[in-house]
Amino acid sequence: MQFSSESLSDLPSIAEAIAEYAGDERVWLFEGDLGAGKTTLIKSICKAFQCSDTISSPTFSLINVYYSEMYGEIYHFDLYRINSVEEILDIGADEYLDSGNYCFVEWPDKLGNLVPVKHLHISVEIEKGNRRIINLTKYE
């Protein structure tokens, strides 16, 4: 499935459509270059999930935990600064990924063999201007 976003005003409807497409899939892996809009898209998804927390990039904390009245705890990972799978294990990422809660992971290539077989892959690409192409692929 693919979406095109011309502006931030497109994101609420895209977030709703992604949630519908995902179904019961709880691990969502976000790929894209720096500045592609991964965190911005995650903010829109969390808003659609009625998160009561301020959504921000966990670049330095590595994991942010948000609360949703609808879904409970939601885990947001930014693995950009991670250098090894051992570091990921040290922060307990495998336990979060196996928790059954929503897990939104930026820079999922750093997970190595920890990538769950069943997940939703979300690719965000920048095109001319500020246009973003968002591709979704389910792995079951």
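How many aromatic pairs does the structure hold? The structure holds 12 of them, where rings of Phe, Tyr and Trp (its six-membered ring) pair if their centres lie within 6.5 Å, with planes under 30 degrees apart counted as stacked, over 60 as edge-to-face and the rest as tilted. This is a predicted model, in which local features need pLDDT of at least 70 and side-chain atom pairs count only at pLDDT 80 or more, whereas totals for chains, interfaces and linings use all residues. Residues are numbered from 1 along each chain as its sequence is written, and side-chain values use heavy atoms, with hydrogens and water left out.

One of the pairs, formed by F77 and Y96, is edge-to-face, at 5.7 Å centre to centre and 80° between the planes. This pair links distant parts of the chain, since F77 lies in strand β4 (residues 72–78) and Y96 in helix α4 (residues 93–97), 19 residues apart; helices (H or I, at least four residues) and strands (E, at least two) are DSSP runs, numbered from the N terminus. F77 counts as buried because its relative accessibility is 2%, while Y96, at 25%, counts as partly exposed; buried means under 20% relative accessible area, exposed over 50% and partly exposed in between (1.4 Å probe, protein chains only).

Elsewhere, the charged end of K138 sits over the ring of Y21, 5.3 Å from its centre, the criterion being NZ of Lys or CZ of Arg within 6 Å of the ring centre and within 35 degrees of the ring normal.
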